[in-house]
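Please read these points with the sequence and the model open side by side. They are meant for someone new to reading structures.

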Amino acid sequence: MSEEKDDILEILSDFKEKKERRETEPDEPLQPPKRRDGESYIDFAKPEEGEEAEEAERKTLFKRKKESKPEKTPEEIEALKAQKQEKRESRKNKAKTVWIKVKNAVFNKKVLAAVAALAVIIAAVFGIRYGVEQAKVAYLKPYQEKYPDVEFPAGILEKYCDAYGENPDTAGYIEILDINLKSTVSRDTQTYPYAQPCTDGCEQFNYVVYLNDDSLEDIYSSAEGYNSASGYMTYSNLFQDYTFKIVGAFYTNTKAQDDSGYIFPYNVTEKMTADSQNEYISRLQSRFIYSTGIDITRQDTILTVSCPTDYREDFRFVVIGVMREDTDSKLTAEDKSDVHYPQIIYDETNTENPYRFSSQWYPEIIVTDSEGTQTTIQKTIEDYEQ
């Protein structure tokens, strides 16, 4: 412990001695750098005289080493060139080898055969498709030559080509075996039978055909007559043939004054909104003079045949069929007691109309434009006056 104390005292004594010396002998002030002769400022980047000598010596040594390095002979230079050329050729050969491997992998016989087979298949598919499209219209060629002024609609059945060629107003073909009717249906309303047109842009829901005689009424105006008949009709829109099972018949007015200012739109042809379609079906079935046990649905396609009648002036007798393929089954009709007639019938028989509170309903149809946008049109009485 005493030794450590002695060391500390010695350090303190030495420190005191140095302090006293600084106080009696102050340090000399630092001298600023000297300017070079002829210079007004100090260039710290310029080496001093000793530094210049060292730089000169280094340059001399580098020059001596360069001069002492032996020059290559022409043979050695050629050898170096050959070595570089060999390296370039080696790199080229490696690249060529890689390309050959890729080419062999992609263009070998199996791959080429597969590609060729695929090309044949693709060509065959397009060829078949083209052939099918051509075959679809090939049958029209003789008719186009036979009727050069007629433009046949694509997809028309061949069996109707002559009829269409002779009369481009042809809209369809109807057969009703019960009255021995087999006839084209015209678009011209002055030529019987003729068809009710469908609004452009609308899907057809109901094919309406007008006849010019009452022979159909003689058969289908009662349940007894229905049960003795075939119960079927066929109709073609020229593109497809359809079979319709007769499900009902009724009488309707064509003048508004005969039904309190209302005309039932039985001859609407266009697809309607869901609400309108349900309303139409309900009102239609309420007017049937007998029941056959078949309920019409919104998914059904209908054939409506409208005939003149002596039942009352300005009335029509209407027969309704729904598209069905089960031509072997026969329906049985039963008379109804609650038939919905036009108001004038109740007035003449002095009876109360159970449907007197029914609204004067007209359908709302769906129209689709060329871009697929759907809109609706509300029909009015003017659309169904005859």
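How do the residues of the lining of the second largest pocket divide into nonpolar, polar and charged?

1. The model is predicted, so local features need pLDDT of at least 70 and side-chain atom pairs count only at pLDDT 80 or more, while totals for chains, interfaces and linings use all residues. Residues are numbered from 1 along each chain as its sequence is written, and side-chain values use heavy atoms, with hydrogens and water left out.

2. The chain as a whole. The protein chain has ten helices and twelve strands; these are DSSP runs numbered from the N terminus, with helices being H or I of at least four residues and strands E of at least two. Of its 386 residues, 32% count as buried. Buried means under 20% relative accessible area, exposed means over 50%, and partly exposed lies in between (1.4 Å probe, protein chains only). The chain exposes about 26,200 Å², of which carbon and sulfur atoms supply 51%; such areas come from the Shrake-Rupley method with a 1.4 Å probe, and for residues only the protein chains shown count as cover. Among contacts (heavy atoms within 4.5 Å) with a separation of 6 or more, 62% are between residues 24 or more positions apart.

3. The largest pocket. This pocket holds about 320 Å³ of space. Its lining has 16 residues, and Ala171, Arg187, Ala195, Gln204 and Tyr235 lie nearest its centre. Strand S1 (170–176) and strand S4 (206–210) each supply at least two residues of that lining. By class, the lining has eleven nonpolar, four polar and one charged residues. On a 1 Å grid over the protein atoms alone, a pocket is an open set of points where a 1.4 Å probe fits, with protein on both sides within 12 Å along at least five of seven lines, and lining residues have an atom within 4 Å of a point. Grid points are joined across faces, edges and corners, and a volume is the space filled by probe spheres set on the points. Ala, Val, Leu, Ile, Met, Phe, Trp, Tyr, Cys and Pro count as nonpolar, Asp, Glu, Lys and Arg as charged, and the others, Gly among them, as polar.

4. The second largest pocket. Its volume is about 160 Å³. Of the 13 residues that line this pocket, Asp259, Ser260, Tyr355, Arg356 and Ser358 are the closest to its centre. The opening question can now be settled: the lining divides into two nonpolar, seven polar and four charged residues.

5. Salt bridges across the sequence. The structure holds seven salt bridges, each a side-chain nitrogen of Lys or Arg within 4 Å of a carboxyl oxygen of Asp or Glu. One of them joins Lys159 and Asp241 at 2.5 Å, N to O. Lys159 lies in the loop between helix H5 (141–146) and helix H6 (161–166) and Asp241 in strand S6 (residues 241–253), so this pair ties together parts 82 residues apart in sequence. Lys159 is exposed at 57%, whereas Asp241 is partly exposed at 34%. Another salt bridge links Lys271 and Glu203 (3.9 Å, N to O).

6. A salt bridge within one helix. Glu279 and Arg283 also form a salt bridge, at 2.8 Å, N to O. The two are four residues apart in helix H9, so about one helical turn separates them. Glu279 is partly exposed at 31% relative accessibility, while Arg283 is buried at 9%.

7. Backbone details to check. Tyr192 and Pro193 are joined by a cis peptide bond with omega of about -15°, and Pro193 sits in the loop between strand S2 (181–186) and S3. Ser260 is not a glycine, yet has a positive phi of about 55°; this residue is in the loop between S6 and H9 and is exposed at 53%. Asn350, also not a glycine, has a positive phi of about 55°. Asn350 lies in the loop between helix H10 (343–349) and strand S11 (364–368) and is exposed at 71%.

8. One residue and its surroundings. Where is Thr301 found? Thr301 is in the loop between strand S7 (290–291) and strand S8 (302–308). Leaving aside neighbours within four places in sequence, Thr301 is in contact with Phe205, Tyr207, Phe244, Gly321, Val322 and Met323. Thr301 and Val322 are 21 residues apart in sequence, with 5.8 Å between their C-alpha atoms.
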